[in-house]
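Dear colleague,

Please find below the sequence and structure that I am handing over to you. A summary of the findings follows directly after them.

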Amino acid sequence: MNSTAGLLSAGDVYDDIDLRPDTTTHGGPAMPADTGSASTGFIVWAAALVFVMTPGLALFYSGLSRYNSALSLMMLCMMAMAVVSVQWFLFGFSLAFAEHGSPFIGDFTMGAVNTLDTHAFPNTAPQIPSILFMVYQMQFAGITAALVFGSVPERTRFVPAMVFVFFWTTLVYDFAAYWTWADHGFLRNLNCVGAPNYDVAPCYVGAYDFAGGGPVHICAGFSGLAYLVVLGKRKLIHAEHHNMVNVMFGTGILWFGWFAFNGGSAGAANTRAAMAATVSFNSNPKTIFALQ
């Protein structure tokens, strides 16, 4: 495969995917456009599987809680996904993945999926349409918000929790995702932040986060810790896990979705996706045995 480091001109060709020039982004230079390659179908499948991880997480959390808190935990997880979906559509994706922005946060250029179409992001996901990349990343944002609630069962109210999710996604997740994955994010360009031509030509040499170790797991973990510190201890401390069937079923769904969570982060149906899926399969049993 012949790869390109920058933007495509009318004469450029990808050998393994159907890409055509497109000039709809900001009225600027030609961008690669994917008219329906295998990678598009692969990421559609991956987005669906990552979405399924959220109800899997809801089952997992509900089984580990007391019986009278199970339903509320499940609703917290699913409604967190709903709130994040609206936020992501309106402006969250634009803040997190804007092609033009400061080293710390994007802008509102792509708000309400404005300018998103068949063109791709050449430096982030060059083999799939930008509209599909937005949908895939929406699933990441949704399950990250839901992860936070594993730390506060039985001691958070529903409406304040949803308000928290909206502002947390905007002020924490979107910032961390931008730093890590966006074209001008300072972590992604750590080696050239402050260079004279940084605003127009970032170097893309810096921290490398393949599938959300920073924006997803570290942010959700520390945010859950901060959330429970603010809410305080439970009134009743117990070790009752009311439904281990839910725990097992939820774990299986999460494991199933993890193939797409990691494999889809390759952004294409390629060897890197296969390697990520293989690592997902081999690492999860070790985690389970360690927990035992």
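Buried here means under 20% relative accessible area, exposed means over 50%, and partly exposed lies in between (1.4 Å probe, protein chains only).

The model is predicted, with local features needing pLDDT of at least 70 and side-chain atom pairs counted only at pLDDT 80 or more, whereas totals for chains, interfaces and linings use all residues. Residues are numbered from 1 along each chain as its sequence is written, and side-chain values use heavy atoms, with hydrogens and water left out.

**Overall organisation**

The protein chain contains 7 helices and 2 strands; helices (H or I, at least four residues) and strands (E, at least two) are DSSP runs, numbered from the N terminus. Their order from the N terminus is β-β-α-α-α-α-α-α-α. Of the 292 residues in the protein chain, 47% are buried. Where contacts (heavy atoms within 4.5 Å) join residues at least 6 apart in sequence, 66% of them link residues at least 24 apart. The protein chain exposes about 14000 Å², of which carbon and sulfur atoms supply 68%; accessible areas come from the Shrake-Rupley method with a 1.4 Å probe, and for residues only the protein chains shown count as cover.

**Individual positions**

A220 belongs to helix 5 and counts as buried because its relative accessible area is 5%. Apart from residues up to four places away in sequence, A220 touches T144, L147, V148 and W168. The C-alpha atoms of A220 and G150 are separated by 9.7 Å, although these residues are 70 apart along the chain.

T180, in helix 4, is likewise buried, at a relative accessible area of 11%. Its contacts, leaving aside neighbours within four places in sequence, are L187, R188, D209 and P215.

As for cysteines, C77 is buried at 0% relative accessibility, and C219 is buried at 16%. A search of the whole structure for disulfides (pairs of cysteine sulfur atoms within 2.5 Å) finds 0.

**Nonpolar surface patch**

Which residues make the nonpolar surface patch of about 690 Å²? The patch is made by L71, M75, F158, V159, V163, F167 and L171. Helix 2 (70–97) and helix 4 (158–181) are the elements that give two or more residues to it, and helix 4 gives the most, with 5 residues. L71 lies in helix 2 and counts as exposed because its relative accessibility is 61%.

With kind regards

Methods. Patch = residues over 30% accessible without salt bridge, like charges linked within 9 Å, V, L, I, M, F, W, Y side chains within 5 Å. Salt bridge = Lys/Arg side-chain N within 4 Å of Asp/Glu carboxyl O.
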